[in-house]
Amino acid sequence: MTTGHELDRRDPIGAEVDRIEALAKVTGRATYTGDVAPAGAAYAVMLGSTISSGRIRSLQTNEAETGDGVLAVLSHLNRPPWIARPPVPYYCDTRLPLEDDQVHFGGQCVALAIADTAEQAAEAAERVVVEYEPRRVSAGTPHRPVGPYADRYPVEFRRGEAETALPHSDHQIDVEYRTAHLAHAAMEPSATVASWEDGKLTLIESSQAVHLHRDAVAAAFGLAPEDVRVIAPVVGGAFGGKTFLWPHTLLAALASRVVGRPVRLTITRKQAFTSTGHMPATWQRIRLGARRDGRLTAVIHDSVNTTSHTVDRQEPTIQAGLVPYAFSHLAAQTQVRRIYVGTSTVMRAPGDTPGRFAVECALDELAAQLRVDPLELRRRNHSSVHPHTGKPWSANHLLRCYERGAAAFGWDRRTPEPGSMRLGHDLVGFGMAVGVHEERHRAASARVVLTADGTVDVYTGTQEIGGGTLTTMAQIAASVVGVRPKAVRVHGGDTRLPAGAPTFGSMTSGNTGSAVRIAAEKVRDEVLRIALHDPRSPFYGLHADAVECREGGLVGLTEPCRLEPYSKILRRNNIATVSMRGEYAPRSAETAPFAAAAFAAHFTEVRIDTRLPRVRVVRHVGVFDCGRVLNTKTATSQARGGIIFAIGGALMESLDLDPDSDRLLNPGLTDYHVPVNADVGEITPLFIDIPDTVAHPVGAKGLGEVCAIGVAPAVANAVFHATGKRVRDLPITPDKLLR
Ligand code: MOS
């Protein structure tokens, strides 16, 4: 026993704990799906269509089939009838892979080669001879939002009478913005390893949601969910591209059943641009009406996004666009427009990223027109309730984000006139914008087990996609049970475990985190009960309030303030483990009496050389209100990553389409540019770090997406401030500033 005052009282929550899997990752020992090679495995490679619309006239596989090691070549001509369409959206599309002879986008899988090695499979795929009957695509239309829309998709938010109120406003803004078609560009291309045993299917899968993938695969094969097991080892980045099920997963499972061996299918780097979705291009028209003092009166937000010919997917730009601000009249609607590309999907804060770009730039335009400081304009429009529903916020520290960010950034050094700040050949611009991400409430479960050796296991079907989930879940259990984070093992990424929340929509910290916390509290309560009822315990008969769980055991709060380790308590009572399950069943956003969101204030400094107007973000301060910060180190990294990929979207990323064929012009990291170190200046993420236990018991809200939301408009607003030129079309490449 040790005496109390020597004990470590630091709470593991919020601490800068190193990632559990860090050493394995940096030493190359971490296993990704594409590293898994079961004994006797075969390999499959997809062949993509070379036209973006039309039909397959003929498809010859004879030559491919005779190649060395080739086991089978599948196409629409011989696809076994074992799969049916699982429901959208958990499956990405309304069509099955190899469904028929129709081609709806360039890169659509038209054949699958299966061989002993990946190289043999790739060669066989190349040898499949496909003749197409191309359909003429409507050249150019995807690039212009004017004219009648191909489809109406009546998603609307409406309150008051925006159309009537707007013309009577003292000041009005009417502007159009455009955002580009973007790729997730995760480091790890998606992969699946499929194997069958006794009619049961196991998938090792780069997945953001093992339980959702399991259910979708089970639906496709007509299996009971318990006959499908999905395992996600560490995932090498996702950004939304591994949220739903894509054809390669079904194809790998199909192939494995055809050849009677485990099959690994890793999509190629190029296929990562065509086969797991993208963010669609958007056009948005924003009309703002405001009083002389800058307070908004009416807003009309019209949004159009591209979609495929097989799914009407609406990019939800309008959902949260105006949430932080108070005003009476709103009309917002979204429409979709078909082009010959694959179906889009969620990516890097879907809807919110492009939506905020338009809204926050329009506010900056209003501020310039009114000659009001852009930050002051936001303050004047701050809403103390959720403006759509009128519900109070669970917590909202956006005003503190403004204050903290402005001070850290030095916003008061900004001289308002565009072009008024210079440094040598450089124009200097300061811009700011707001980010908001509405919190998602999702049921989640976890099991926490305390073992007689004093270690703790956490079991929850979450997945580590790079954000630090395994580590933060360990910290939560460690904090509640009172052990060091290193004494906690976290088991995730497996459908045999209790279902966690999916790892998308910034749902992990709040939902899965709360489930882990609830399970850990039950373990703590049970071990307390055991000790307080044990006549051999020094704490026998004490009230639970008189002892604390920390440093791997119980500590009396009154003298003698001693530690009794859990190992001793459990062994003395012949208890091997204390195992408890936590169920977190939050109310939905609709039924909760409060509204919850994470907030951000972004401040950016750009410098633009007047001789070659390339925009450089030299400084960025992002201040986040995401409730309690679970791990300052991983949160800071996540925020930095989110800001960096949003700088990519602001300044360089664009997946361009050939206007004559709708085929992608730059599906590769050589031509699709993402930021590298030289593109990134000094990035300072800051956190308000006030727990929001109204939103979730764990006090934390999602951070993943809000990091990125609002960065692009901050950059665009800084570019305007530097140059006086308003670029309303992302990315802001030098040619647009030269024009
Ligand atoms: Mo994300 S688009 O919630 O992975």
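Helices (H or I, at least four residues) and strands (E, at least two) are DSSP runs, numbered from the N terminus. The model is predicted, so local features need pLDDT of at least 70 and side-chain atom pairs count only at pLDDT 80 or more, while totals for chains, interfaces and linings use all residues. Residues are numbered from 1 along each chain as its sequence is written, and side-chain values use heavy atoms, with hydrogens and water left out.

A cavity is a set of points, on a 1 Å grid over the protein atoms alone, where a 1.4 Å probe fits but cannot get out, and its lining residues have an atom within 4 Å of a point. Grid points are joined across faces, edges and corners, and a volume is the space filled by probe spheres set on the points. A search of the whole structure finds five cavities of 30 Å³ or more.

In the table, Ala, Val, Leu, Ile, Met, Phe, Trp, Tyr, Cys and Pro count as nonpolar, Asp, Glu, Lys and Arg as charged, and the others, Gly among them, as polar.

| Cavity | Volume | Lining by class |
|---|---|---|
| Largest cavity | about 220 Å³ | 10 nonpolar, eight polar and two charged residues |
| Second largest cavity | about 150 Å³ | 12 nonpolar, three polar and one charged residues |

Among the 16 residues that line the second largest cavity, Leu 182, Met 279, Thr 353, Gly 649 and Leu 730 are the closest to its centre. Helix 7 (352-370) and helix 13 (632-651) each supply at least two residues of this second largest cavity's lining, and helix 13 gives the largest share, four residues.

Key:
On a 1 Å grid over the protein atoms alone, a cavity is a set of points where a 1.4 Å probe fits but cannot get out, and a pocket is an open set with protein on both sides within 12 Å along at least five of seven lines; lining residues have an atom within 4 Å of a point.
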